[in-house]
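This report examines a protein model by its helices, strands, cores and charged pairs. Please consult the sequence and the structure while reading.

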Amino acid sequence: MQNSNKISFNPIVNILCLLVTFTLLSGCQEKTLHTVDLETIKNEAQKHTPEMASFLSELITYKSIEQANQPLLPETKALMEKIFRKAESMGFTTRTAADGLVGILEYGQGEEVVGVVAHLDIVAAGDESQWQHPPYEGKIVDDVIWGRGAQDDRAGVVGTMWAAKILIDNDSTFSRKLRIILTTKEETGFGAATKYFAEEEPPTYGIVPDAIYIIRAENGYLDAKYLFETLTAEESENTITHWQGGNAVNSIPDRSIAVLYASSVDTARQQILDAAQYVQQNFPPKSKDCTEASGNECSADIKVYDLNAFNQEFPNQITTPPLNGNLVIVAHGIAGHSSTPEKGRNAIVDLALVLNRLTLTKNHYAKAAEFVAGNIAMNTDGSNFQLNTEKSIAEAADTTACLSVIEQNTNGIAFNINYRTGIANTNQEILQKSGNAVAQFGGSVSAAQPMFDAYYYQADDPLLKAAQQSFKTVTGVDAPLIPIAATTQVKSAPNLIAYGPVEASTDGVHFHSVNERMPVSSLTRNAVLYAHFLQELIQSPVSLARE
């Protein structure tokens, strides 16, 4: 009996079948993605948490307080090198760009690039005596990492680096190249990012880990300088001969110092004490936000010293000693981020309010004090300039205004007001209306570059939707969609979204504040969130770039 299912042993047919099978299998392999599952990501993040905490602690010890249009500090170069060595051990290739102002970490292949845009520079710590732990030591106390840059932005750098490591170590398929872009001039106007993106193509899309989860809208950005040219006036009993204050254009100034020449020291001292008491009683914090954010009373804190005694007790605190003077007035404030000026106490404003109540020679310093007292005072929204208030999108943030830095030069004295321009206003409107106001005091206004407009993502924005879905998959809850007055490097290139590293309700928001800190447990959370979202962006079957 014969078997009707014959098997052919024709060698040519068999070879053809093998070739067809191999080709089909190869095609399937090319299209198959290996995705690291969420449980593995969580386990890996937990395992690497001690190393992440140790590395963040070390990064905080680098005092990379950069200045605009200046060469990189040795500290910043050393910080970049340290990150390069760690990144190379993780599998990244490293290089510098933009004449050394930007560090690049890359992994994977592909024509499209998923970008992470973070920054290495920090703002100054301000009055270090106000810190619970030294700001540049990175101490870990009770599972909290303390120090300047702990949140802004070194937690973002650490979180995305270890997120990538988790994907690399577990053989995730990189359908697109991952590029972590480390800029160095973010706190002084995006100079490094601007230069880099003028020389190299921006990422196809990506994230900026320099905010809170998840940013739907950001205010615009404007640094306006109000110049009061040197004015010699007929002297009265008191003459301001020097005025300084502020650490950075995007921070609330926590100290301001003025030097006074008084014809009668005792009379002037009493005037100052009376004026200080008046300011304390009549200019309380505008809102409870200041007290809650800082843990302080947030009342005006004004002291007066003899000049010689001050110089002995606080040597080198007066930046450019005046030719004459005999009294020093010092205002102590509460530092914070300039985008939330209501959460701090502005030392420059407090000092202006005191100076404006004294009998003064009407020189350029006195004119500046009049302008600040009459047009800014405790208002933190620019409302004294009669700005528009009607918003096309009710949820978008309002304009904020923070007098942040005093600059002295051969032309006179300039005050920088850092505006976070809300959707109801334009930068041009602010310059025009505030310019009209300052002209009444003999001053003029100019804009520093760069300037940015406000933005607001619609509900169908592809990156916003992807971020929301990833966040909910990881956490099990809907992501908060937050409009903020701050500005991030999202504005430096298209197709970016601000995503973490801070979860406001659990971490607190300590950007630019005294006692900046980050819980160790939040590093674990960030590594999970970033690993999951970056994998989604890298493996997305379609581009998520906005049209």
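Which residue caps the N-terminal end of α10? The cap is N363, whose side-chain oxygen lies 3.2 Å from the backbone nitrogen of Y365. The model discussed here is predicted.

Just after α10, A377 takes a positive phi of about 45°.

Nine of the 12 residues of α10 are buried, so the helix is largely enclosed by the rest of the structure. These buried residues are H364, Y365, A366, A368, A369, F371, V372, A373 and N375. The elements that cover them include the strands β10 (221-229), β11 (238-245), β17 (400-409) and β18 (412-420), as well as the helices α9 and α11 (427-439).

T361 is found in the loop between α9 (347-355) and α10 (364-375). Is this residue, T361, buried or exposed? Its relative accessible area is 2%; because buried means under 20%, T361 counts as buried.

A polar atom of the T361 side chain lies 2.8 Å from the backbone nitrogen of S236. Apart from neighbours within four places in sequence, the residues in contact with T361 are A233, E234, E235, S236, N238, T239 and A366. One of these, A366, is also among the buried residues of α10.

## A sheet of three strands

An open sheet is formed by three strands in the order β20-β9-β21, and their pairing is mixed. The strands β20 (455-456) and β21 (482-484) stand at the edges, each with a single partner strand, so one side of each is left without a neighbour in the sheet.

Strand β9 (residues 215-218) runs parallel to β21, and three bridges join the two. Within this pairing, E218 has I484 of β21 as its bridge partner.

In soluble globular proteins, nonpolar side chains tend to be buried together. The largest nonpolar core of this model has 90 residues, of which I83, M161 and Y499 touch the most other members. Helix α14 (residues 520-539) supplies the largest share of this core, with 11 residues.

When neighbours within four places in sequence are left aside, the contacts of Y499 include I207, V208, P209, I212, Y213 and I214. Others among them are A467, S470, F471, L529, Y530 and F533. A second, separate core has 53 residues, including A224, A276, V279 and V304.

## Salt bridges

Side chains of opposite charge can pair when their charged atoms come close. How many salt bridges does a search of the whole structure find? The search finds 26. One of them joins D350 to R345, with 2.8 Å from N to O, and both of these residues are buried.

Another salt bridge links E137 and K139, whose closest N and O atoms are 3.9 Å apart. E137 counts as partly exposed at 43% relative accessibility, and K139 is partly exposed with a relative accessible area of 37%. The side chains of D478 and K472 meet at 3.0 Å, N to O. Here D478 is exposed, with a relative accessible area of 56%, whereas K472 is partly exposed at 38%.

Technical notes. Residues numbered from 1 in each chain as written. Predicted model: local features only at pLDDT ≥ 70, side-chain atom pairs only at ≥ 80, totals over all residues. Heavy atoms only, no water. Helix = DSSP H or I, 4+ residues; strand = E, 2+ residues; numbered from the N terminus. Buried < 20%, exposed > 50% of the residue type's maximum accessible area, 1.4 Å probe, protein only. Polar contact = N/O pair within 3.5 Å; in protein donor to acceptor, adjacent residues only side chain to side chain. Contact = heavy atoms within 4.5 Å. Pairing = 2+ DSSP bridges. Core = buried A, V, L, I, M, F, W, Y, C linked by side-chain atoms within 4.5 Å. Salt bridge = Lys/Arg side-chain N within 4 Å of Asp/Glu carboxyl O.
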